[in-house]
Amino acid sequence: MEFTAEQLSQYNGTDSTKPIYVAIKGRVFDVTTGKSFYGPGGDYAMFAGKDASRALGKMSKNEEDVSPSLEGLTEKEMSTLNDWETKFEAKYPVVGRVVS
């Protein structure tokens, strides 16, 4: 499936009839099984329904870092992001891609 950023935002955990999605480097993962983390009130709820690549690379929960932009990330931050992507691949199914 292809998602625009606006369509992806509908899968942020606030509608219990919909799954929860988080994108990393444009790939959309179904993280519904981790709703205690990504659902409302969860430690990572700010990532739900968004591409959280930048924030994951920077290990940041700041709203301004929750972005698909990889611009200016250091080598270490890119490595951290790749580690997150590997963890997500092992744990959650990929359900689509974010398109502009």
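## Annotated region

Over residues 3–99 the chain is 32% helix and 14% strand, with the end C-alpha atoms 6 Å apart; helices (H or I, at least four residues) and strands (E, at least two) are DSSP runs, numbered from the N terminus. For these residues, 3–99, an unreviewed UniProt entry lists "domain: Cytochrome b5 heme-binding", and such annotations may be inferred rather than shown by experiment.

This is a predicted model, in which local features need pLDDT of at least 70 and side-chain atom pairs count only at pLDDT 80 or more, while totals for chains, interfaces and linings use all residues. Residues are numbered from 1 along each chain as its sequence is written, and side-chain values use heavy atoms, with hydrogens and water left out.

## Overall fold

The protein has four helices and four strands, and from the N terminus on its elements follow the order β-α-β-β-α-α-α-β. Its C-alpha atoms fill a box of roughly 40 × 25 × 25 Å, taken along the principal axes.

Of the 100 residues of the protein, 41% count as buried, meaning under 20% relative accessible area with a 1.4 Å probe, protein chains only. Among contacts (heavy atoms within 4.5 Å) in the protein with a separation of 6 or more, 56% come from residues 24 or more positions apart.

## The place of Gly49

Gly49 lies in the loop between α2 (35–38) and α3 (53–58), and Gly49 is buried, with a relative accessible area of 3%. Not counting residues up to four places away in sequence, Gly49 touches Leu8, Ser9, Tyr11, Asn12 and Tyr21. The C-alpha atoms of Gly49 and Val22 are separated by 5.5 Å, although these residues are 27 residues apart along the chain.

Definitions and conventions. Buried means under 20% relative accessible area, exposed over 50%, partly exposed in between (1.4 Å probe, protein chains only).
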